[in-house]
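Here is a short briefing on one protein chain. Please look through the sequence and the structure before reading the points below.

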Amino acid sequence: DRTIHMPKHIREKYLERNMGPIKGNFVLNNQTKAFWDFPKPSICAVNGMAVGGAANIVFCNFHDLVIVSKTAQFFYPFPKLGFTPELSSSFIIPRIVGFAKAKEMMFLGERFDAEDALRLGLINKVVEPQSLMSEAMKMAEKLVHFHPDALRFSKKIINQHVRNELDSILEQEQEAILASLAATGGPPNVGKWMKKKEAWVKDVKSKSKL
């Protein structure tokens, strides 16, 4: 399957564990739930650009603590591709930043930086790029001073209320993506439509000046 960029032998091992990529499964059901169910505290360190699904891995509870460098940037290109929110972001993001801000992020596809993400409550800390991994390790060192079972059960109960609904959330996201792709024709057709739209708008504006 050339649409999935993973060596065959690695993909087969992941599939044996019910963790492999499945063609046409845009919301990564198994992988998303595996992150939610991982029992130990997980720290995410981000340096650079995280786009679409990568941004969701940062923001949507795939990890428990998130530290990013000042150079980090994020954006959601979904409307430019004919896609809709995935990896549980349709549920998680509005409940962190509010519905209006979530729709602005998802509809307009504008880039935002580390400080924006911190202000919105999407991450825990912003640091200098050269300090990213050392700061992440400091955070990890703080965690190891606490009883692992206390952390494990705390994580489980904090996650549990949304985890109970996660199958339904992902199923609905998958349905929305398929419906959107069918209606828009996906990235190539959306790109053509946008070019035609831009030309039409430009023509209308030029005529209005006459």
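Six aromatic pairs are counted in this chain. The model is predicted.

**The F26–F83 pair**

- The ring centres of F26 and F83 lie 5.4 Å apart.
- Their planes meet at 75°, which is over the 60 degrees cut-off, so the pair counts as edge-to-face.
- F26 has a relative accessible area of 30%, so it is partly exposed.
- F83 is partly exposed too, at 21% relative accessibility. Buried would require a value under 20%.

**Other aromatic contacts**

- Y76 and F78 also form an aromatic pair, with 5.5 Å from centre to centre.
- The planes of Y76 and F78 are 40° apart, and this pair is tilted.
- Y76 and F78 are both buried.
- One aromatic cluster is made up of F59, F74 and F112.
- R95 places its charged end over the ring of F91. The distance to the ring centre is 3.7 Å.

**The sheet**

- An open sheet is built from three strands, in the order β2-β4-β5.
- Its pairing is mixed.
- Strands β2 (49-51) and β5 (112-113) are the edge strands. Each of them pairs on one side only.
- β2 and β4 (residues 73-75) run parallel and are joined by three bridges.
- M49 has Q73 in β4 as its bridge partner.
- Two members of the aromatic cluster, F74 and F112, fall within the residue ranges of β4 and β5.

- N61 is not a glycine, yet its phi is positive, at about 70°.
- N61 lies in the loop between α3 (53-59) and β3 (65-69).
- S88 is another residue other than glycine with a positive phi, near 80°.
- S88 belongs to the loop between α4 and α5.
- The relative accessible area of S88 is 1%, so S88 is buried.

Key: Residues are numbered from 1 along each chain as its sequence is written. This is a predicted model: local features need pLDDT of at least 70, side-chain atom pairs count only at pLDDT 80 or more; totals for chains, interfaces and linings use all residues. Side-chain values use heavy atoms; hydrogens and water are left out. Rings of Phe, Tyr and Trp (its six-membered ring) pair if their centres lie within 6.5 Å; planes under 30 degrees apart count as stacked, over 60 as edge-to-face and the rest as tilted. Buried means under 20% relative accessible area, exposed over 50%, partly exposed in between (1.4 Å probe, protein chains only). A charge sits over a ring if NZ of Lys or CZ of Arg is within 6 Å of the ring centre and within 35 degrees of the ring normal. Two strands pair if DSSP finds at least two bridges between them. Helices (H or I, at least four residues) and strands (E, at least two) are DSSP runs, numbered from the N terminus.
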